[in-house]
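Colleague: I have a new model open and want to learn how to read it. Can you take me through it feature by feature?

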Amino acid sequence: MLSAGTQLRLPRLLSCATLVLLFQVTDAKRDLKSACTTCKQVTDNFNKGFERTAKQNFGGGNTAWEERTLSKYETSEIRLMEIVEGLCDSSSFECNHMVEEHEEHFETWWFKRKTKHPDLHKWFCVETIKVCCPKGTFGPDCNACVGGSERPCHGNGMCDGDGTRGGNGKCSCAHGYEGDFCLDCIGGYFNEERNDTFSLCTECHASCKTCTGATSQDCDECKEGWEDDDQEACIDVNECSRDPSPCEEDQYCHNTEGSYSCKACDKVCSGCTGPGPDKCQACAGGYEDADGSCTDVDECSQSESVCTKEHQKCVNTKGSYACICSVGYEEEDGECVQSPPPEEVEETEASETTASPHREL
Ligand SMILES: *[C@@H]1O[C@H](CO)[C@@H](O)[C@H](O)[C@H]1NC(C)=O
């Protein structure tokens, strides 16, 4: 009889084994795809090596003796060895492992199969070591992809595992398409052409959320920022003509197709209808209207003096003015007092730097 402990332990051990098995299965599935990728690299490199050695010979030119005894370089073992040496990067474990494991296959193909089976990828990767499948097929038995091997996913997507012994043959659709067969159109696209095996999805007009055709009159529903007009077409909503304006007071509104934007008024304006100093609704403080454009007021040249303290002078700035102490005077408690004589400058330097910025002018 089993003790309670072993009864519990057994199922747990079993589920652990299942997990390990599951991991191995998913791992193996990924391996199947990458094995084919590796094999493709190997055969691609073989073909490159074949081309690279096309103009070569035994070195120093083929002598008649060499051709007689070693056969032609073109079909020689030496040429094969030179090609095989260049099949993998030294760092690629998977590639080197594959080439080592199957080296005799390359010899077989080179000497016996090349003429009848000129496509090395097909002969080696698909038919001999069986890590790849023919194009348009997938999985251990090279079944046809969804939509058939001629046009996997009906030409509108990628078949999972296409050309490898891995994958599940399901489609990931190209942009604009959806569904198991990649024949349906996503929202915002419509079927320009469609039958059981062919589908062409085209983007709707910018004004449509959904549609049956390409123009703004073919919308099923207008997109936000567009509205039905009298002719049953979707037309742009002019958000800027709304009252109140959707923008802030120091912004002007710019209507765009399907939307609008708010942009800052020129700083000389207090409210505006567009960009620049001539599109102001009113001028900002310190600016006045001159021929329809807001320009700076020169406060310093006004008849009534704005800087009234003794030894003060007026400096005009954009949109304002400043009162600063005349040369030889400096500000102290809001008054302009005579600057200390030069020898005292060093002592007062610290307090000077914290004084008002007027001094810099
Ligand atoms: C489906 O449409 C395509 C493209 O117009 C055409 O080539 C194909 O023959 C059509 N197939 C059927 C079954 O009607």
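Colleague: How many helices and strands does the chain have?

Modeller: This is a predicted model. The chain has seven helices and 20 strands.

Colleague: How do I read the confidence? What is the mean pLDDT of the chain?

Modeller: The mean pLDDT is 86, and 82% of the residues reach 70 or more. Residues 1-6 fall below 50, and that stretch has one contact in the model beyond near neighbours in sequence. Residues 348-361 also stay under 50. For those, the model has eleven contacts beyond four places in sequence.

Colleague: What share of the residues counts as buried?

Modeller: Of the 361 residues, 21% count as buried. Now the contacts. Among those with a separation of 6 or more, 30% join residues 24 or more positions apart.

Colleague: And the cores? Which residues touch the most other members of the largest nonpolar core?

Modeller: The general idea comes before the case. In soluble globular proteins, nonpolar side chains tend to be buried together. Here the largest nonpolar core has 37 residues, and Cys36, Cys39, Cys125, Val131 and Cys132 touch the most other members. Helices H1 (4-52), H4 (93-101) and H6 (120-128) are among the elements that each supply at least two residues, as are strands S4 (171-173), S9 (208-211) and S10 (219-222). H1 gives the most, with six residues.

Colleague: Pick one member. What does Cys125 touch beyond four places in sequence?

Modeller: Cys125 touches Cys36, Cys39, Lys40, Thr43, Val131 and Cys132. There is also a second, separate core of nine residues, which includes Cys265, Val268, Cys269 and Cys283.

Colleague: Now a loop residue. Where is Pro134 found? And why does Pro134 count as partly exposed?

Modeller: Pro134 is in the loop between H6 and strand S1 (137-138). Pro134 is partly exposed because 14 other C-beta atoms lie within 10 Å; a buried residue needs 20 or more, an exposed one 12 or fewer. Leaving aside neighbours within four places in sequence, Pro134 is in contact with Val126 and Cys142. Pro134 and His121 are 13 residues apart in sequence and 9.7 Å apart in space, C-alpha to C-alpha.

Colleague: Which residues are around the ligand?

Modeller: List the shell, then sort it by type. Glu193, Asn195, Asp196, Thr197 and Phe198 are around the ligand. That shell divides into one nonpolar, two polar and two charged residues.

Colleague: Last, annotation. Which residues does UniProt list for "domain: EGF-like"?

Modeller: The unreviewed UniProt entry lists residues 141-183 and 296-335. Check such a span against the model. Residues 296-335 are 0% helix and 45% strand, with end C-alpha atoms 28 Å apart.

Technical notes:
Residues numbered from 1 in each chain as written. Predicted model: local features only at pLDDT ≥ 70, side-chain atom pairs only at ≥ 80, totals over all residues. Near = placed C-beta within 6 Å. Nonpolar A, V, L, I, M, F, W, Y, C, P; charged D, E, K, R; others polar. pLDDT = per-residue confidence, 0-100. Contact = placed C-beta atoms within 7 Å. Helix = DSSP H or I, 4+ residues; strand = E, 2+ residues; numbered from the N terminus. Core = buried A, V, L, I, M, F, W, Y, C linked by C-beta atoms within 7 Å. UniProt positions renumbered as here; feature names shortened; annotations may be inferred.
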